[in-house]
Amino acid sequence: MAQETGKDQVSVIGKVIDKATGNPVESATITVLIKQEQEGVGTENFSRISISDRDGKFNVSVIRATSAEIFITAIGFETLKKTLRLSADATEVNAGDFLLGTEATNLAGVVVTARKPLMQMGVDRRIFNADAAITSKGGNAADLMKNIPSLSVDINGNVQLRNSTPQIFVDGRPTILTLEQIPAEDIEKVEVITNPSARYDAGSTGGIINIILKKNRKAGLNGVVSIGGGTPELFNSNLSLNYRKGNVNLFASGGYNRSGGITEGEAKRQNKSDGIITDYFDQESERERQRKFKSLRFGMDYKFDDYNSISISQGFVDGRFNNIEDQNQRYLDQNKVLTQTGTRQSIEENFFKRSNTQLNFRRTYEKAEKEWTADITYNSGNNGGESSILNQFYTPDGQLSGMQNRVENYSTGNSQQFTIQTDYVNPLTEKSKIELGARSFHNYSKDKLDVFSVANGELTKLPLSNNYSFRQVINAIYTNYSNQLGKLKYQGGLRLEQSSFTGKLLDSAKSFGYDYPSKGNDMWNVVFPSLFLTYELKEGNDLQVNFSRRIRRPNFWQINPYVDISDPMNIRKGNPELEPEFTNSFELNYNRTYSTGNILVSTYFINNTRDITNYSDTISNAELDKLNNASIDPNAILTTFINADRTNRTGLEIVWQQRVGNSFDFTPSFNAQYRDVKASVGGLDLSNTGFNWDFELMANYKLNDPDKKFLNNFSFQVSGEYESPRVTPQGRNKEQYVVDFAVRKDFLKNKAGTLTFNINDVLNSRRFGNITDTENFYQDSYRRWSVRTFRLTFSYRFGKNDIEIFKRKQGGNDENAG
């Protein structure tokens, strides 16, 4: 399909095909290299990079020349090089079909290697190759996210995009898995969409992170096995198998991951009255954590004919995690004289089981890029556990003060998610296209938590017990229309979403939730438009402006009035009066692509109305009375959630990817943001403003010297991140910094074996801290979720193309063909 070009440009089109099966190869990297004589400069190289679509097709616009060199690379395939003659007056040149053979040995004389870069720029997203981040080898999805520019991971393993929470998808669909529950070995790539169009779920005010799981499509029987271990208490193993013959592709993978370690935390508080310090409180904690995860995933792709195909997959995840935490507390008067001490020990044992089933149907047509898809996704799971909390206070001289207090928790729960979705794409002309779709999402959960105070062998049920259920439903339809006027491409879309959330506390019959639109009112709250404008300034220089409106619905823990007392001095509680927040997001992007890399500069403005944010205050007497038997201190801080009036964020982001020669590349990224929060509670002004910034860098170096057999094929990677302090309505989050390092050696025939050694958190510095400053207290605290780890992992790739596993050879004839 041609696109309009200037008189000095020509469009190169073609198609990438799997040589063994005849099927198209999606996401292959196409590099078109032009060499021109520049007056006074000599020979100068110009290049343009593109990615093949689902049908294997590509379209690259380059400057006019007499010839071009095309390099095709794709994971699992050999690099292919082709020289193309260009007509002096043609505006479009068909390069034909590129037949890729499966990876065996490197092609002599080819400079471009099969190793994919860390980042690729798509039309509306950034695509990150998981295998390029070797520092996360043997870890989980949270470890991988730490290496992706624009993303940061907090102390609890939650990912943030530009200091906002994105929506997590797996293979384009919702998931009940956490990042910690997805092995990094199962991930092929991660798509980051900073400002989603109307095609995507409106509940993505912080953008979308789409995790694409591996699905090997090489012909024959192929597989990868890996095993690794390290300290503290690290062990990982994974096996992936794939068999493809004719129209059938079968795949399966399974793994086991274990981690542990002892982390520390600290809190120092000043309690105040009318601005005068009344007393002090210090707390130190030490937590021993152990995580064990087992995963299994299998499925099949079947191609009925050239136009119709179906995929089905099934996944299971089983987890066990234990925590033992010891807290030491010190209470001091206003003169810093010790008045009492306390100890608190909590022991937790929890489990979960998750299941995911996906059924996907795809129909293509003779008309290029026209397709219809229909998907069904079903997630289910159950969880449970128990914990015991022991409290004891002492006088300043170490004598017991009062009776030991003991609280026991017992929990069970189950959840189900069901999503049905259909999408239709139809190119009306060579330049225009229309997209239509519908989606229905249903989420059900029922959980029970019983909390007892234990005294003299008797159990007393506490109001902390929480027996609840909820039902969430989101129904949506959308349309997108795109076209092109000269060098200007535009896309406009509209999405309508009806949503409802109904929660119920079964013991008290109290209900809470929301409904949009409510009885036909608030119709604007179901309308979500988007607009994208892209202008090609010149070859390799694109300018894009976009806008979208989104919604962030409060999650269950934010809206559930359950009280969490795992830390007696820092209690958390949901707010059933919480309302969804809405986001208006504007972006201006400039992307410059050149022969050895690219640079992306983004400016953005994000307006959040009814912004969901934390609010902390000293616990009230009414709340304290309810928790009397749980040994809660009268000076405890109660943190809940409120709707701020609004939060505005204005920022600049720069992502630069640069290759230096054939062995070295680096990717620095920088994000600066000004945050303006306007909020109030009961007449108390919580407004705050401030500037924050963060910087990330990943650098790779690979030794390529065939004459030095041992040193050849060594790869080194270092990544680091710094986050400056960031304002909150009642204080600020403290700075964070971390450095990771890894070294990798490829060896054996055809580089089938890989040995990777990595150190995560080299400086042992990754921790989350914040300062809260109110009229009633000032607190400086930090927590850690993980510690520095050392891990060694061995991986082995095996397989033979077109191997026949269902038949035997007869009469010496080879029946491997097909």
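Which side chain meets that of Arg362 in a salt bridge? The partner is Glu371, at 2.9 Å from N to O.

**Figure 1. The salt bridge between Arg362 and Glu371 in the predicted model.** The two side chains meet with an N to O separation of 2.9 Å. Glu371 has a relative accessible area of 11% and is therefore buried, the cut-off being under 20%. In the model, 20 salt bridges are counted.

**Figure 2. The salt bridge between Glu325 and Arg287.** The closest N and O atoms of Glu325 and Arg287 are 3.2 Å apart. Glu325 belongs to strand β20 (residues 308-333) and Arg287 to strand β19 (residues 276-303), so the contact ties together parts separated by 38 residues in sequence. Both partners are buried: Glu325 has 10% relative accessibility, and Arg287 has a relative accessible area of 18%.

**Figure 3. The hairpin of β24 and β25.** Strand β24 (residues 433-455) pairs with strand β25 (residues 458-461) in the antiparallel sense, over 4 bridges. Val454 stands opposite Leu459 of β25. Between the two strands lie 2 residues. In this turn, Asn456 has a positive phi of about 55 degrees.

Figure 4. Asp450 and Lys461 form a salt bridge in which the closest N and O atoms are 3.4 Å apart. Asp450 counts as buried at 16% relative accessibility, whereas Lys461 is partly exposed, with a relative accessible area of 44%. Lys448 joins Asp450 and Lys461 in a network of salt bridges.

**Figure 5. The open sheet of β31, β32, β36 and β35.** The 4 strands follow the order β31-β32-β36-β35, and their pairing is mixed. At the edges are β31 (563-564) and β35 (612-618), each of which pairs on one side only. β35 pairs with strand β36 (residues 637-643) in the antiparallel sense, over 7 bridges. Ile612 has Asn643 of β36 as its bridge partner.

**Figure 6. Segments with pLDDT under 50.** Residues 1-6 stay under 50 in pLDDT, and the model has 19 contacts for them beyond four places in sequence. Residues 103-115 also stay under 50, with 27 such contacts in the model. For the chain, the mean pLDDT is 82, and 88% of residues reach 70 or more.

Notes. Residues numbered from 1 in each chain as written. Predicted model: local features only at pLDDT ≥ 70, side-chain atom pairs only at ≥ 80, totals over all residues. Heavy atoms only, no water. Pairing = 2+ DSSP bridges. pLDDT = per-residue confidence, 0-100. Contact = heavy atoms within 4.5 Å. Salt bridge = Lys/Arg side-chain N within 4 Å of Asp/Glu carboxyl O. Buried < 20%, exposed > 50% of the residue type's maximum accessible area, 1.4 Å probe, protein only.
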